[in-house]
Amino acid sequence: MDLRAETPLFTGSDWDFALVNRIYEAIEPIAVDEMKLNVYPNQLEIISSEQMLDAYSSVGMPLFYKHWSFGKQFVTNEMLYRKGLRGLAYELVINSNPCISYIMQENSATMQALVIAHAAFGHNHFFKNNYLFRQWTDADGILDYLEFAKRYITLCEERHGQLAVERVLDAAHALMNQGVHRYPRVRPRDLRREAEREAERQAYRESIYDDLWRTVPIGAKAATIARDERLAVLGLPQENILYFLEKSGPQLAAWQREILRIVRLIAQYFYPQRQTKAMNEGAATYVHYRIMTMLHERGQITNGAFLEFLQSHTGVVYQPTYDSGHFGSFNPYALGFGIMTDVERICMDPTQEDREWFGDIAGSGDPLEVLKDIWANYRDESFISQFLSPRLIRQWRLFKILDQENDSEIRVDAIHDERGYRRIRRTLAHEYDIGQQEPDIQVVDVDLAGDRLLMLEHVVLNGVLLDEGDTTMVLQNLANLWGYEVALSEVDAENRNELRSHQAQPQPEWMR
């Protein structure tokens, strides 16, 4: 069979909408029929550089409410872009049904083919199949919910004033990273029904809110209530601070609670992406590499177009070495794609070492099915801890250094032997554990007997305390939303000793 019998889809860099459609129609059967990718229907949107900058400023969403921080982000990105100090992504993809892929009108025809393969099929498959996205996001309802959120906040500005709404959004944004549930508790959220339920929620709040806080015991009577009973009533401890404020904040009006709900549901929507950056980009890069290679083998793209693709691809997966002067961290594209291509090698041409380390996949002969199982059932931390091979550790020259604050010297703690491979793999995976990346802060109690002091606790891991300046500003926003004093205690994870404490009072303008 002559693999290069087909006519090239294009021969130059120029394109029009008809060519983009032909490119898509050439890629789709490879992705869906041959690679058996399971994707949402695709919607391609061609946008200008200014539109891409606008999308950057509003966290990449096609519909979003207005906030001053988005305008500030737009001005910053635009200035850097115009001065040549930063580039723009070739594409932006939304986890929705249909899956929306924004592709830049400045792209060449080759780059349009690349980003369609990368975003419309690589990211799309990952969004639809990975367990974290299935568990935490609602691709069917997100666009409808964003439309509701935009409309609702605009209505609040008309009724209550722009400044009042802006204050609530400022405070909610400051707490956004502490506005997610980190463990599954309920069925996946149906965002399409959220707007319809808003009226039901408001009626429910009005029926319970006044009684809840009017009947809070005071004085000596409150002091006699068992702590366990108080925590049970308030649902404490609670890691999702925005959720706690929405349900229990004594000073918040119904519209303010709804805004907190909007911000926390959007934060929850992005939660899986923070845990799958290397896997998501690695999967999309692997898919685009296979599709572009197959198009070239079949003569559907020219040698010149394939070289243009390879130049872009190698730039995307470039990983500076630790001693290059350019190393900042691991490139998620390089890390994800590197491990996935190594899994392909293990499936097709394993060594004896591979068989000892990866007996269940070594020599299986079907790397794509193995990878699709990985894409569906792992996140970055577990992916690295399971599939980073000794061969890749040697190839990337990875080793572990122990650098203790109180030691005058550093120590090489893991080298290239069996024990060292496991330590290196475990240590690198640990860096992608969301529990290590973000502080463990929970609401632990409320002083119902006195001044309604809200008490929080930060469990300190490895002696890493919160930044003093950031903590002061975030606690101020929390106190404003709560309406009373808040106190945060930082305690050692091992011995429970208090290392530091912080307090904040609500600002007077919030009390009016």
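**Asking why: patches, burial and bonds**

Me: Which residues make the nonpolar surface patch of about 690 Å², and what makes it a patch?

Reply: Y322, F327, F399, I401, I410, V412 and I415 make it. Nonpolar side chains (Val, Leu, Ile, Met, Phe, Trp, Tyr) are joined within 5 Å, while like charges are joined within 9 Å. Areas come from the Shrake-Rupley method with a 1.4 Å probe, and for residues only the protein chains shown count as cover.

By the way, this is a predicted model: local features need pLDDT of at least 70, side-chain atom pairs need 80 or more, and totals for chains, interfaces and linings use all residues. Residues are numbered from 1 along each chain as its sequence is written, and side-chain values use heavy atoms, with hydrogens and water left out.

Me: Is I401 buried, exposed or partly exposed, and how do you know?

Reply: Buried means under 20% relative accessible area, exposed means over 50%, and partly exposed is in between (1.4 Å probe, protein chains only). I401 has 41%, so it's partly exposed. I401 sits in strand β4 (residues 400-402). Strands (E, at least two residues) and helices (H or I, at least four) are DSSP runs, numbered from the N terminus.

Me: What makes the T137 and N95 side chains a polar contact?

Reply: A polar contact is a pair of N or O atoms within 3.5 Å; within protein, one must be able to donate a hydrogen and the other to accept it, and residues adjacent in sequence count only if both atoms are side-chain atoms. The T137 and N95 side chains are at 3.3 Å, and they qualify. A polar atom of the T137 side chain also lies 2.5 Å from the backbone oxygen of F133.

Me: How do you know which residues T137 touches?

Reply: Contact means heavy atoms within 4.5 Å. Leaving out residues up to four places away in sequence, T137 touches N95, L132, Y269 and P272.

Me: What makes a nonpolar core, and how many residues does the largest have?

Reply: A core is a set of buried Ala, Val, Leu, Ile, Met, Phe, Trp, Tyr and Cys residues joined through side-chain atoms within 4.5 Å. The largest has 75 residues, and F121 and W375 have the most contacts inside it. Helix α4 (residues 109-129) gives the most to this core, with 12 residues. A second, separate core of 58 residues includes I47, V165, L231 and L478.

Me: Why is helix α11 called largely enclosed?

Reply: 6 of its 8 residues (241-248) are buried, so the rest of the structure largely encloses α11. The buried ones are I241, L242, F244, L245, E246 and S248.

Me: What makes the peptide bond from N97 to P98 stand out?

Reply: That bond is cis, with omega near 5 degrees. Most peptide bonds are trans. L236 and P237 are also joined by a cis bond, with omega about 0 degrees.

Me: What about phi of R397?

Reply: It's near 55 degrees, a positive value in a residue other than glycine. R397 is at 66% relative accessible area, so R397 is exposed.

Note on methods
Patches are made of residues with over 30% relative accessible area and no salt bridge: like charges are joined within 9 Å, nonpolar side chains (Val, Leu, Ile, Met, Phe, Trp, Tyr) within 5 Å. A salt bridge is a side-chain nitrogen of Lys or Arg within 4 Å of a carboxyl oxygen of Asp or Glu.
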